[in-house]
Amino acid sequence: MSESSIKPALITKVIPDSICAEMGFEPGDSIVAVNGQKPRDLIDYQFLCADEFLELEVLDAKGKTHKLEIEKEYDEDLGVEFETALFDGLIQCNNRCPFCFIDQQPPGKRETLYLKDDDYRLSFLYGSYLTLTNLTQKEWDRIEQMRLSPLYVSVHATEPEVRIRLLKNLRAGKILEQIKWFQERRLQIHAQVVVCPGINDGEHLERTLLDLAKFHTGNMPAVASVAVVPVGLTRFRPPEDELIAVTAEKAREVIEQVQKIQVILSQGKGSGKAKKQNSKSRCIWLADEWFLIAGLDLPSAADYEDYPQIGNGVGSIRQFIQQFETAFEKLQPMQVEPERKLVWVVGNAVEKAFEPIVQQLNQIPGLSVNMAALCSHYWGQTITVTGLLTGQDLLEALQGRDLGDGILLPSVMLKQGEPRFLDDMTLEQLASSLKTRILPVSGVEELISAAICLANAEVKF
(Lines give C-alpha, C1' and ligand atoms only; values in the text may rest on other atoms or scores of the structure.)
Protein backbone atom coordinates (compact mmCIF):
# COMPACT_ATOMS: atom_id res chain seq x y z
CA MET A 1 0.00 0.00 0.00
CA SER A 2 1.64 3.27 -1.11
CA GLU A 3 1.64 6.38 1.08
CA SER A 4 -0.11 8.29 -1.69
CA SER A 5 -3.25 6.20 -1.13
CA ILE A 6 -3.38 7.07 2.57
CA LYS A 7 -5.78 9.92 3.32
CA PRO A 8 -5.50 12.19 6.38
CA ALA A 9 -7.47 10.80 9.32
CA LEU A 10 -10.58 13.01 9.50
CA ILE A 11 -11.64 13.84 13.07
CA THR A 12 -15.39 13.69 13.71
CA LYS A 13 -15.40 14.05 17.50
CA VAL A 14 -13.13 15.58 20.14
CA ILE A 15 -13.58 14.14 23.63
CA PRO A 16 -14.14 16.88 26.25
CA ASP A 17 -11.20 17.52 28.65
CA SER A 18 -8.88 15.38 26.51
CA ILE A 19 -5.41 16.39 25.28
CA CYS A 20 -6.75 17.32 21.85
CA ALA A 21 -9.63 19.29 23.36
CA GLU A 22 -7.17 21.34 25.44
CA MET A 23 -5.06 21.98 22.32
CA GLY A 24 -8.06 23.31 20.40
CA PHE A 25 -8.72 20.43 18.00
CA GLU A 26 -12.14 20.54 16.34
CA PRO A 27 -14.24 18.16 14.23
CA GLY A 28 -13.17 18.63 10.63
CA ASP A 29 -9.46 18.70 11.46
CA SER A 30 -7.34 15.80 10.19
CA ILE A 31 -4.21 14.05 11.41
CA VAL A 32 -1.80 13.61 8.51
CA ALA A 33 1.18 12.04 10.28
CA VAL A 34 2.41 10.94 13.70
CA ASN A 35 6.17 11.19 14.29
CA GLY A 36 6.67 11.51 10.55
CA GLN A 37 4.63 8.43 9.63
CA LYS A 38 1.25 8.42 7.93
CA PRO A 39 -1.05 5.98 9.73
CA ARG A 40 -2.87 3.79 7.25
CA ASP A 41 -5.56 2.85 9.77
CA LEU A 42 -6.63 3.07 13.39
CA ILE A 43 -4.23 0.25 14.30
CA ASP A 44 -1.24 2.25 13.06
CA TYR A 45 -2.55 5.39 14.75
CA GLN A 46 -2.89 3.65 18.13
CA PHE A 47 0.55 2.06 17.80
CA LEU A 48 2.24 5.35 16.82
CA CYS A 49 0.48 7.27 19.62
CA ALA A 50 1.65 4.80 22.29
CA ASP A 51 4.61 7.05 23.11
CA GLU A 52 5.38 9.82 25.56
CA PHE A 53 6.47 12.37 22.95
CA LEU A 54 4.59 12.94 19.69
CA GLU A 55 5.04 15.18 16.71
CA LEU A 56 1.74 15.61 14.87
CA GLU A 57 1.17 16.97 11.40
CA VAL A 58 -2.38 18.30 11.39
CA LEU A 59 -4.52 19.65 8.56
CA ASP A 60 -7.22 21.93 9.90
CA ALA A 61 -10.73 22.29 8.46
CA LYS A 62 -9.63 25.35 6.45
CA GLY A 63 -6.83 23.44 4.73
CA LYS A 64 -3.92 24.89 6.72
CA THR A 65 -1.14 22.57 7.92
CA HIS A 66 0.16 22.71 11.52
CA LYS A 67 3.08 20.99 13.27
CA LEU A 68 2.35 20.21 16.92
CA GLU A 69 4.39 18.64 19.72
CA ILE A 70 2.74 16.71 22.55
CA GLU A 71 4.14 15.26 25.77
CA LYS A 72 1.89 12.79 27.56
CA GLU A 73 1.76 9.60 29.57
CA TYR A 74 2.73 6.50 27.59
CA ASP A 75 -0.79 5.02 27.43
CA GLU A 76 -2.76 8.29 27.51
CA ASP A 77 -5.25 8.68 24.67
CA LEU A 78 -5.32 11.89 22.65
CA GLY A 79 -9.11 11.99 22.76
CA VAL A 80 -10.34 12.05 19.18
CA GLU A 81 -12.62 9.86 17.07
CA PHE A 82 -12.33 9.46 13.31
CA GLU A 83 -14.71 9.23 10.39
CA THR A 84 -13.41 5.75 9.61
CA ALA A 85 -10.96 3.24 11.05
CA LEU A 86 -9.36 2.79 7.62
CA PHE A 87 -7.42 5.75 6.20
CA ASP A 88 -6.24 3.93 3.07
CA GLY A 89 -9.56 2.40 1.99
CA LEU A 90 -11.47 -0.83 2.59
CA ILE A 91 -10.06 -4.20 1.55
CA GLN A 92 -13.03 -5.63 -0.31
CA CYS A 93 -14.10 -9.21 -0.73
CA ASN A 94 -12.98 -11.22 -3.74
CA ASN A 95 -15.39 -14.13 -3.12
CA ARG A 96 -18.82 -14.77 -4.59
CA CYS A 97 -20.55 -16.58 -1.73
CA PRO A 98 -24.18 -17.21 -2.75
CA PHE A 99 -25.40 -16.57 0.80
CA CYS A 100 -23.66 -13.19 1.10
CA PHE A 101 -26.14 -10.69 2.53
CA ILE A 102 -24.70 -7.94 0.31
CA ASP A 103 -25.92 -9.79 -2.80
CA GLN A 104 -29.32 -10.45 -1.23
CA GLN A 105 -30.38 -6.81 -1.18
CA PRO A 106 -32.45 -4.85 -3.68
CA PRO A 107 -30.68 -2.31 -5.92
CA GLY A 108 -30.88 1.44 -5.48
CA LYS A 109 -30.06 1.79 -1.77
CA ARG A 110 -27.21 3.73 -0.16
CA GLU A 111 -23.79 2.89 -1.55
CA THR A 112 -22.31 1.63 1.70
CA LEU A 113 -24.82 -1.25 1.79
CA TYR A 114 -23.11 -2.81 -1.22
CA LEU A 115 -19.51 -2.70 0.04
CA LYS A 116 -18.21 -6.22 0.57
CA ASP A 117 -15.90 -6.07 3.57
CA ASP A 118 -13.18 -8.71 3.84
CA ASP A 119 -10.73 -6.56 5.79
CA TYR A 120 -8.61 -8.15 8.53
CA ARG A 121 -8.25 -4.78 10.28
CA LEU A 122 -12.00 -4.45 10.85
CA SER A 123 -11.96 -8.05 12.03
CA PHE A 124 -9.31 -7.23 14.64
CA LEU A 125 -10.88 -3.93 15.71
CA TYR A 126 -14.58 -4.76 15.65
CA GLY A 127 -15.00 -8.52 15.29
CA SER A 128 -16.30 -8.58 11.72
CA TYR A 129 -15.71 -11.81 9.82
CA LEU A 130 -13.30 -12.29 6.92
CA THR A 131 -12.34 -15.29 4.79
CA LEU A 132 -8.51 -14.85 4.57
CA THR A 133 -8.67 -15.34 0.78
CA ASN A 134 -7.62 -11.79 -0.12
CA LEU A 135 -4.54 -11.30 2.08
CA THR A 136 -1.23 -10.49 0.41
CA GLN A 137 2.04 -11.67 1.94
CA LYS A 138 2.58 -8.13 3.22
CA GLU A 139 -0.67 -8.30 5.18
CA TRP A 140 0.14 -11.73 6.59
CA ASP A 141 3.49 -10.32 7.75
CA ARG A 142 1.76 -7.37 9.38
CA ILE A 143 -0.66 -9.65 11.26
CA GLU A 144 2.34 -11.56 12.62
CA GLN A 145 4.51 -8.56 13.43
CA MET A 146 1.77 -6.57 15.16
CA ARG A 147 0.21 -9.63 16.81
CA LEU A 148 -3.25 -8.81 15.44
CA SER A 149 -5.17 -11.45 17.36
CA PRO A 150 -7.82 -12.68 17.59
CA LEU A 151 -9.26 -12.38 14.10
CA TYR A 152 -12.76 -13.58 13.19
CA VAL A 153 -12.79 -16.00 10.27
CA SER A 154 -15.63 -17.34 8.11
CA VAL A 155 -14.62 -20.97 7.64
CA HIS A 156 -17.90 -22.62 6.55
CA ALA A 157 -16.09 -25.82 5.50
CA THR A 158 -12.61 -27.28 5.90
CA GLU A 159 -12.79 -29.66 2.94
CA PRO A 160 -11.13 -27.71 0.09
CA GLU A 161 -13.66 -28.64 -2.59
CA VAL A 162 -16.65 -27.73 -0.38
CA ARG A 163 -15.21 -24.39 0.70
CA ILE A 164 -14.25 -23.53 -2.89
CA ARG A 165 -17.82 -24.34 -3.95
CA LEU A 166 -19.20 -22.05 -1.25
CA LEU A 167 -16.86 -19.09 -1.74
CA LYS A 168 -16.47 -19.49 -5.53
CA ASN A 169 -12.74 -18.87 -5.07
CA LEU A 170 -9.91 -21.33 -5.75
CA ARG A 171 -7.87 -19.80 -2.93
CA ALA A 172 -10.55 -20.83 -0.44
CA GLY A 173 -9.21 -24.39 -0.21
CA LYS A 174 -6.20 -23.37 1.88
CA ILE A 175 -8.10 -22.75 5.11
CA LEU A 176 -6.52 -25.54 7.18
CA GLU A 177 -3.03 -24.40 6.14
CA GLN A 178 -3.95 -20.87 7.17
CA ILE A 179 -5.25 -21.93 10.58
CA LYS A 180 -2.04 -23.89 11.10
CA TRP A 181 -0.16 -20.64 10.32
CA PHE A 182 -2.01 -18.98 13.24
CA GLN A 183 -1.26 -21.96 15.47
CA GLU A 184 2.48 -21.88 14.73
CA ARG A 185 2.62 -18.19 15.67
CA ARG A 186 0.42 -18.53 18.77
CA LEU A 187 -2.22 -16.28 17.27
CA GLN A 188 -5.95 -16.92 17.57
CA ILE A 189 -9.11 -16.89 15.51
CA HIS A 190 -12.79 -17.17 16.29
CA ALA A 191 -14.44 -19.19 13.51
CA GLN A 192 -17.94 -19.28 12.10
CA VAL A 193 -19.64 -21.93 10.01
CA VAL A 194 -22.72 -20.80 8.09
CA VAL A 195 -24.66 -23.99 7.41
CA CYS A 196 -26.19 -24.21 3.93
CA PRO A 197 -28.45 -27.28 3.71
CA GLY A 198 -27.37 -29.69 0.98
CA ILE A 199 -23.89 -28.15 0.65
CA ASN A 200 -21.92 -28.10 3.90
CA ASP A 201 -24.27 -29.83 6.34
CA GLY A 202 -24.40 -33.47 7.42
CA GLU A 203 -21.07 -35.30 7.13
CA HIS A 204 -19.40 -32.14 5.83
CA LEU A 205 -20.42 -30.21 8.95
CA GLU A 206 -19.12 -32.99 11.17
CA ARG A 207 -15.80 -33.02 9.32
CA THR A 208 -15.49 -29.23 9.60
CA LEU A 209 -16.22 -29.12 13.32
CA LEU A 210 -13.86 -31.98 14.16
CA ASP A 211 -11.11 -30.40 12.04
CA LEU A 212 -11.50 -27.07 13.83
CA ALA A 213 -11.61 -28.77 17.24
CA LYS A 214 -8.11 -30.11 16.63
CA PHE A 215 -6.87 -26.53 16.83
CA HIS A 216 -8.64 -25.88 20.15
CA THR A 217 -5.76 -27.05 22.32
CA GLY A 218 -3.53 -25.70 25.07
CA ASN A 219 -3.62 -22.37 26.87
CA MET A 220 -3.58 -20.40 23.61
CA PRO A 221 -5.74 -22.38 21.18
CA ALA A 222 -5.48 -21.27 17.57
CA VAL A 223 -9.24 -21.74 17.24
CA ALA A 224 -10.67 -20.07 20.33
CA SER A 225 -14.29 -20.82 19.43
CA VAL A 226 -16.57 -21.90 16.60
CA ALA A 227 -20.08 -20.56 15.98
CA VAL A 228 -22.49 -22.65 13.91
CA VAL A 229 -24.98 -20.33 12.22
CA PRO A 230 -27.97 -21.05 9.92
CA VAL A 231 -27.90 -19.49 6.46
CA GLY A 232 -30.16 -16.48 6.13
CA LEU A 233 -31.98 -15.97 2.82
CA THR A 234 -33.97 -13.09 1.35
CA ARG A 235 -36.29 -12.82 -1.65
CA PHE A 236 -33.69 -10.74 -3.49
CA ARG A 237 -31.06 -13.48 -3.72
CA PRO A 238 -29.88 -14.67 -7.17
CA PRO A 239 -32.17 -17.40 -8.55
CA GLU A 240 -29.24 -19.66 -9.47
CA ASP A 241 -27.70 -19.73 -5.97
CA GLU A 242 -28.76 -23.35 -5.19
CA LEU A 243 -29.47 -22.42 -1.56
CA ILE A 244 -32.22 -23.98 0.57
CA ALA A 245 -33.80 -22.29 3.58
CA VAL A 246 -33.35 -23.86 7.01
CA THR A 247 -36.59 -25.51 8.14
CA ALA A 248 -37.62 -26.34 11.70
CA GLU A 249 -36.85 -29.98 10.97
CA LYS A 250 -33.36 -29.13 9.66
CA ALA A 251 -32.73 -26.89 12.67
CA ARG A 252 -33.56 -29.71 15.08
CA GLU A 253 -31.33 -32.05 13.07
CA VAL A 254 -28.35 -29.68 13.24
CA ILE A 255 -28.87 -28.99 16.96
CA GLU A 256 -28.86 -32.73 17.68
CA GLN A 257 -25.79 -33.30 15.48
CA VAL A 258 -23.76 -30.47 17.00
CA GLN A 259 -24.72 -31.34 20.57
CA LYS A 260 -23.52 -34.91 20.01
CA ILE A 261 -20.18 -33.57 18.75
CA GLN A 262 -19.96 -31.26 21.77
CA VAL A 263 -20.40 -34.26 24.08
CA ILE A 264 -17.80 -36.32 22.20
CA LEU A 265 -15.24 -33.51 22.40
CA SER A 266 -15.94 -32.81 26.07
CA GLN A 267 -15.35 -36.48 26.86
CA GLY A 268 -12.10 -36.55 24.92
CA LYS A 269 -13.38 -39.00 22.32
CA GLY A 270 -12.24 -36.94 19.37
CA SER A 271 -9.35 -37.93 17.18
CA GLY A 272 -5.80 -36.60 17.43
CA LYS A 273 -5.33 -33.29 19.20
CA ALA A 274 -9.05 -32.94 19.78
CA LYS A 275 -8.57 -35.27 22.77
CA LYS A 276 -6.30 -32.72 24.42
CA GLN A 277 -8.56 -29.71 24.06
CA ASN A 278 -8.87 -27.31 26.96
CA SER A 279 -11.52 -28.88 29.20
CA LYS A 280 -12.35 -25.52 30.78
CA SER A 281 -13.90 -24.17 27.62
CA ARG A 282 -16.30 -25.50 25.05
CA CYS A 283 -15.11 -25.12 21.49
CA ILE A 284 -18.32 -25.24 19.43
CA TRP A 285 -21.40 -23.08 19.91
CA LEU A 286 -24.85 -23.04 18.31
CA ALA A 287 -26.31 -19.67 17.35
CA ASP A 288 -29.59 -18.74 19.05
CA GLU A 289 -31.38 -18.83 15.69
CA TRP A 290 -31.22 -22.63 15.54
CA PHE A 291 -33.37 -22.91 18.68
CA LEU A 292 -35.73 -20.16 17.53
CA ILE A 293 -36.29 -21.80 14.15
CA ALA A 294 -36.67 -25.23 15.77
CA GLY A 295 -39.14 -23.89 18.33
CA LEU A 296 -37.00 -25.18 21.20
CA ASP A 297 -36.03 -23.54 24.47
CA LEU A 298 -32.70 -21.72 24.56
CA PRO A 299 -29.86 -23.23 26.61
CA SER A 300 -29.32 -21.89 30.13
CA ALA A 301 -27.00 -18.96 30.81
CA ALA A 302 -24.40 -21.31 32.32
CA ASP A 303 -24.09 -23.15 29.01
CA TYR A 304 -22.63 -20.05 27.31
CA GLU A 305 -19.65 -19.74 29.70
CA ASP A 306 -18.09 -16.31 28.94
CA TYR A 307 -20.08 -15.75 25.72
CA PRO A 308 -17.14 -15.97 23.27
CA GLN A 309 -19.38 -15.67 20.20
CA ILE A 310 -22.06 -13.28 21.46
CA GLY A 311 -21.39 -10.93 18.54
CA ASN A 312 -22.44 -13.77 16.26
CA GLY A 313 -25.79 -14.30 17.97
CA VAL A 314 -24.62 -17.02 20.34
CA GLY A 315 -26.23 -16.42 23.72
CA SER A 316 -27.27 -12.82 23.09
CA ILE A 317 -30.93 -13.54 23.84
CA ARG A 318 -30.20 -15.50 27.00
CA GLN A 319 -27.85 -12.75 28.19
CA PHE A 320 -30.49 -10.09 27.49
CA ILE A 321 -33.11 -12.01 29.47
CA GLN A 322 -30.70 -12.55 32.34
CA GLN A 323 -29.70 -8.87 32.41
CA PHE A 324 -33.35 -7.85 32.34
CA GLU A 325 -34.23 -10.06 35.29
CA THR A 326 -31.34 -8.60 37.31
CA ALA A 327 -32.29 -5.02 36.46
CA PHE A 328 -36.01 -5.63 37.03
CA GLU A 329 -35.42 -6.84 40.58
CA LYS A 330 -33.85 -3.48 41.43
CA LEU A 331 -37.02 -1.64 40.34
CA GLN A 332 -39.32 -3.00 42.99
CA PRO A 333 -41.47 -1.40 44.17
CA MET A 334 -42.20 0.78 41.13
CA GLN A 335 -45.22 2.61 39.79
CA VAL A 336 -45.63 4.57 36.56
CA GLU A 337 -47.50 7.86 36.73
CA PRO A 338 -49.27 8.97 34.68
CA GLU A 339 -50.33 5.66 33.16
CA ARG A 340 -48.88 4.88 29.76
CA LYS A 341 -49.19 2.31 27.01
CA LEU A 342 -46.28 1.36 24.75
CA VAL A 343 -45.60 -1.03 21.86
CA TRP A 344 -42.28 -2.93 21.87
CA VAL A 345 -41.31 -4.01 18.34
CA VAL A 346 -39.18 -7.15 17.90
CA GLY A 347 -38.56 -9.80 15.27
CA ASN A 348 -40.96 -12.71 15.54
CA ALA A 349 -38.01 -15.08 16.01
CA VAL A 350 -37.72 -13.91 19.63
CA GLU A 351 -41.43 -13.70 20.43
CA LYS A 352 -41.54 -16.78 22.62
CA ALA A 353 -38.26 -15.98 24.39
CA PHE A 354 -39.28 -12.40 25.23
CA GLU A 355 -42.83 -13.10 26.44
CA PRO A 356 -41.65 -13.31 30.10
CA ILE A 357 -40.08 -9.84 29.77
CA VAL A 358 -43.37 -8.34 28.63
CA GLN A 359 -45.20 -10.07 31.45
CA GLN A 360 -42.79 -8.62 34.01
CA LEU A 361 -43.01 -5.10 32.58
CA ASN A 362 -46.78 -5.30 32.75
CA GLN A 363 -46.56 -6.09 36.46
CA ILE A 364 -45.52 -2.46 37.02
CA PRO A 365 -48.67 -0.52 38.02
CA GLY A 366 -49.56 2.08 35.43
CA LEU A 367 -47.52 0.51 32.61
CA SER A 368 -48.87 -1.47 29.66
CA VAL A 369 -46.42 -2.89 27.11
CA ASN A 370 -47.63 -4.80 24.07
CA MET A 371 -45.09 -6.76 22.07
CA ALA A 372 -45.38 -6.49 18.28
CA ALA A 373 -43.45 -9.52 17.00
CA LEU A 374 -43.04 -8.99 13.26
CA CYS A 375 -41.71 -10.90 10.29
CA SER A 376 -40.10 -9.11 7.36
CA HIS A 377 -42.14 -8.97 4.19
CA TYR A 378 -39.44 -6.67 2.83
CA TRP A 379 -36.88 -9.51 2.90
CA GLY A 380 -39.50 -12.18 2.25
CA GLN A 381 -38.90 -14.02 5.52
CA THR A 382 -41.45 -15.85 7.66
CA ILE A 383 -39.09 -15.93 10.66
CA THR A 384 -37.11 -12.75 11.24
CA VAL A 385 -34.52 -11.64 13.79
CA THR A 386 -35.01 -8.15 15.19
CA GLY A 387 -32.00 -6.58 13.49
CA LEU A 388 -33.36 -7.28 10.01
CA LEU A 389 -36.70 -5.52 10.40
CA THR A 390 -36.95 -2.51 8.11
CA GLY A 391 -38.86 0.75 8.29
CA GLN A 392 -41.21 -0.56 5.61
CA ASP A 393 -41.92 -3.68 7.70
CA LEU A 394 -42.85 -1.55 10.70
CA LEU A 395 -44.96 0.83 8.64
CA GLU A 396 -46.98 -1.98 7.05
CA ALA A 397 -47.51 -3.82 10.34
CA LEU A 398 -48.23 -0.87 12.64
CA GLN A 399 -50.14 1.61 10.47
CA GLY A 400 -53.67 2.06 11.79
CA ARG A 401 -52.87 0.23 15.02
CA ASP A 402 -53.33 1.74 18.49
CA LEU A 403 -49.73 2.60 19.39
CA GLY A 404 -50.54 4.21 22.71
CA ASP A 405 -47.86 6.63 23.87
CA GLY A 406 -45.16 5.42 21.54
CA ILE A 407 -42.94 2.64 20.20
CA LEU A 408 -39.96 1.03 21.93
CA LEU A 409 -37.58 0.36 19.05
CA PRO A 410 -34.44 -1.81 19.47
CA SER A 411 -31.62 0.28 18.02
CA VAL A 412 -30.14 -2.86 16.44
CA MET A 413 -32.56 -2.15 13.55
CA LEU A 414 -30.77 1.12 12.81
CA LYS A 415 -27.50 1.94 11.10
CA GLN A 416 -24.81 2.46 13.72
CA GLY A 417 -24.65 6.11 14.65
CA GLU A 418 -27.46 7.09 12.30
CA PRO A 419 -31.30 6.87 12.66
CA ARG A 420 -31.79 4.92 9.41
CA PHE A 421 -33.16 1.43 8.72
CA LEU A 422 -31.72 -1.15 6.32
CA ASP A 423 -34.20 -0.09 3.64
CA ASP A 424 -33.00 3.55 3.91
CA MET A 425 -36.16 4.77 5.63
CA THR A 426 -35.27 7.20 8.42
CA LEU A 427 -36.60 7.12 11.96
CA GLU A 428 -38.16 10.52 11.41
CA GLN A 429 -40.00 9.36 8.28
CA LEU A 430 -41.43 6.35 10.10
CA ALA A 431 -42.48 8.39 13.14
CA SER A 432 -44.14 10.95 10.88
CA SER A 433 -46.05 8.29 8.95
CA LEU A 434 -47.21 6.52 12.11
CA LYS A 435 -47.85 9.82 13.90
CA THR A 436 -46.28 8.64 17.12
CA ARG A 437 -43.08 9.00 19.07
CA ILE A 438 -40.38 6.39 18.61
CA LEU A 439 -37.93 5.61 21.39
CA PRO A 440 -34.76 3.83 20.18
CA VAL A 441 -33.40 1.64 22.97
CA SER A 442 -30.09 -0.18 23.20
CA GLY A 443 -29.84 -2.84 25.86
CA VAL A 444 -31.80 -3.61 28.98
CA GLU A 445 -31.26 -0.36 30.89
CA GLU A 446 -32.50 1.82 28.05
CA LEU A 447 -35.49 -0.45 27.48
CA ILE A 448 -36.58 -0.16 31.11
CA SER A 449 -35.77 3.54 31.32
CA ALA A 450 -37.77 4.32 28.19
CA ALA A 451 -40.69 2.19 29.34
CA ILE A 452 -41.05 3.81 32.75
CA CYS A 453 -39.88 7.35 32.00
CA LEU A 454 -40.55 7.84 28.29
CA ALA A 455 -36.91 8.88 28.14
CA ASN A 456 -34.59 8.94 25.13
CA ALA A 457 -37.40 10.06 22.79
CA GLU A 458 -35.55 11.20 19.69
CA VAL A 459 -38.63 11.79 17.58
CA LYS A 460 -41.86 13.29 18.98
CA PHE A 461 -45.14 14.23 17.36
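1. Gln-262 counts as buried because its relative accessibility is 14%; buried means under 20% relative accessible area, exposed over 50%, and partly exposed in between, with a 1.4 Å probe and protein chains only. Gln-262 belongs to helix H8, residues 248-266. Helices (H or I, at least four residues) and strands (E, at least two) are DSSP runs, numbered from the N terminus. Apart from neighbours within four places in sequence, Gln-262 is in contact with Arg-282, Ile-284 and Trp-285, where contact means heavy atoms within 4.5 Å.

2. The model is predicted: local features need pLDDT of at least 70, side-chain atom pairs count only at pLDDT 80 or more, and totals for chains, interfaces and linings use all residues. Residues are numbered from 1 along each chain as its sequence is written, and side-chain values use heavy atoms, with hydrogens and water left out.

3. Leu-166 is a residue of helix H5, residues 160-167, and is buried, with a relative accessible area of 1%. When neighbours within four places in sequence are left aside, the contacts of Leu-166 include Cys-97, Pro-98, Phe-99, His-156 and Ala-157.

4. His-156 sits in the loop between E7 and H5. At 2% relative accessibility, this residue counts as buried. Its phi is near 70°, a positive value in a residue other than glycine. Most residues other than glycine have a negative phi, and most peptide bonds are trans.

5. Thr-208, in helix H7 (residues 203-213), is buried with a relative accessible area of 0%. Leaving out neighbours within four places in sequence, Thr-208 is in contact with Val-155, His-156, Ala-157, Thr-158 and Val-193.

6. Two cis peptide bonds deserve attention. One joins Ser-149 and Pro-150, with omega about 0°; Pro-150 is found in the loop between H4 and strand E7 (151-154). Another joins Glu-337 and Pro-338, with omega about -5°, and Pro-338 is in the loop between H10 and E11.

7. Side chains of opposite charge can pair when their charged atoms come close. A salt bridge is a side-chain nitrogen of Lys or Arg within 4 Å of a carboxyl oxygen of Asp or Glu, and the count by this rule is 22. Arg-40 forms one with Asp-88, and their closest N and O atoms are 2.9 Å apart. Arg-40 lies in the loop between strand E2 (30-34) and helix H2 (42-48), and Asp-88 in the loop between strand E5 (80-82) and helix H3 (120-126), so this pair ties together parts that are 48 residues apart in sequence. Both Arg-40 and Asp-88 are buried.

8. Arg-142 and Asp-41 form a salt bridge, at 2.8 Å from N to O. Arg-142 is in helix H4 (residues 137-145) and Asp-41 in the loop between E2 and H2, so the pair ties together parts that are 101 residues apart in sequence. Arg-142 and Asp-41 are both buried. A network of salt bridges links Arg-40, Asp-41, Asp-44, Asp-88, Asp-119, Arg-121, Glu-139 and Arg-142.

9. Helix H12 (residues 391-398) has as its buried residues Gly-391, Asp-393, Leu-394, Leu-395 and Leu-398. The cover over these buried residues includes strand E11 (340-347), strand E12 (367-374), strand E13 (407-410) and helix H13 (427-434). Just after H12, Gly-400 takes a positive phi of about 85°.
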